[in-house]
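Please read the report below alongside the sequence and the model. Take it one section at a time.

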Amino acid sequence: MEQSLKTVIMVGRTEVGKTTLANTLMYGSPEALKTQSIGRIGSIIDTPGEFVENPIYYRAILLSAYDADMVLFLNEANESESIFPPNFAALFNREVIGVVTKIDLGGDVARARKNLEAAGVKTIFEISVHDADSVQRLRDYIARDIEA
Ligand SMILES: Nc1nc2c(ncn2[C@@H]2O[C@H](COP(=O)(O)OP(=O)(O)O)[C@@H](O)[C@H]2O)c(=O)[nH]1
Ligand SMILES: [Mg+2]
């Protein structure tokens with residue numbers, strides 16, 4: 001697990017699994033704590049769900065994203081409606097990738113992918129924090145390129 005990761009920012013509604021995924025990517029274990037404000041988990045910038053649930057906070061997310069190399073939009077497999085406005089990804093001057101979370105709980109992964117695609121995301125990972133391989137595929141994607 002000694003992979004060095006790019007700085008990424010987690011964006012998604014409350015309870016979608018941002019903090020759990022951040023802890024699992026960083027430390028291999030999903031101890032989730034309620035996020036009260038923007039905070040750092042290793043090289044991951046974690047944000048409160050309110051920041052995407054209420055448009056008056058969009059500016060806060062956009063400003064925080066300047067510190068990141070990559071933006072992650074999270075959408076739960078079970079979630080029918082998208083929290084993201086259409087083409088939200090275009091506002092970020094960064095690569096934005098999508099994560100379908102909690103695929104172990106069932107739900108409609110195809111619908112979740114469509115929600116993320118409507119938000120302007122092209123690369124999408126399907127994740128359960130209880131499936132280490134699914135987390136590792138994402139970790140590999142956000143790993144820093146080794147400088148020769
Ligand atoms: N079954 C399952 N539960 C998950 C997964 N990821 C997160 N959760 C649970 O979803 C709830 C919300 O997670 P949390 O990380 O606090 O969401 P946040 O509000 O987006 O930071 C917690 O009870 C987690 O244990 C997953 O992949 N599978
Ligand atoms: Mg959180």
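A polar contact is a pair of N or O atoms within 3.5 Å; within protein, one atom must be able to donate a hydrogen and the other to accept it, and residues adjacent in sequence count only if both atoms are side-chain atoms. This is a predicted model, in which local features need pLDDT of at least 70, side-chain atom pairs count only at pLDDT 80 or more, and totals for chains, interfaces and linings use all residues. Residues are numbered from 1 along each chain as its sequence is written, chains are lettered from A and ligands numbered from 1 in the order in which they are written, and side-chain values use heavy atoms, with hydrogens and water left out.

**The ligand site**

Start with ligand 1. A residue is near a molecule if one of its heavy atoms lies within 4 Å of it. Of the 15 residues around ligand 1, those that come nearest are Glu 15, Lys 18, Thr 19, Thr 20 and Asp 104.

| Residue | Atom of the residue | Distance to an oxygen atom of ligand 1 |
|---|---|---|
| Val 16 | backbone N or O | 3.3 Å |
| Thr 19 | polar side-chain atom | 2.8 Å |
| Val 129 | backbone N or O | 2.9 Å |

Taken alone, ligand 1 exposes 590 Å², and the protein buries 78% of that. Such areas come from the Shrake-Rupley method with a 1.4 Å probe.

**The sheet**

Next comes the sheet. Helices (H or I, at least four residues) and strands (E, at least two) are DSSP runs, numbered from the N terminus. Two strands pair if DSSP finds at least two bridges between them. Here 6 strands form an open sheet in the order 2-3-1-4-5-6, with mixed pairing. Strand 2 (39-41) and strand 6 (124-126) are the edge strands, and each pairs on one side only.

Strand 1 (residues 8-11) runs parallel to strand 3 (residues 44-46), and 2 bridges join them. Val 8 stands opposite Ile 44 in strand 3, while Ile 9 has Ile 45 as its bridge partner. Strand 1 also runs parallel to strand 4, with 4 bridges. There, Met 10 stands opposite Leu 72.

In a regular strand the side chains alternate between the two faces of the sheet. In strand 1, Val 8 and Met 10 point one way, Ile 9 and Val 11 point the other way, and all are buried. Buried means under 20% relative accessible area, exposed over 50%, and partly exposed in between (1.4 Å probe, protein chains only).

**The helices**

How many residues of helix 1 are buried? In helix 1 (residues 18-27), 8 of the 10 residues are buried, so this helix is largely enclosed by the rest of the structure. Among them are Lys 18, Thr 19 and Thr 20. The buried residues of helix 1 pack against strands 1, 2, 3, 4 and 5 and helix 5. Just after helix 1, Gly 28 takes a positive phi of about 75 degrees.

Asn 115 sits in helix 4 (residues 109-118). Is Asn 115 buried or exposed? Asn 115 counts as buried because its relative accessibility is 12%. Its side chain makes a polar contact of 3.4 Å with the side chain of Asn 75. Contact means heavy atoms within 4.5 Å. Leaving aside neighbours within four places in sequence, Asn 115 is in contact with Asn 75, Glu 79, Ser 80, Glu 81 and Ser 82.
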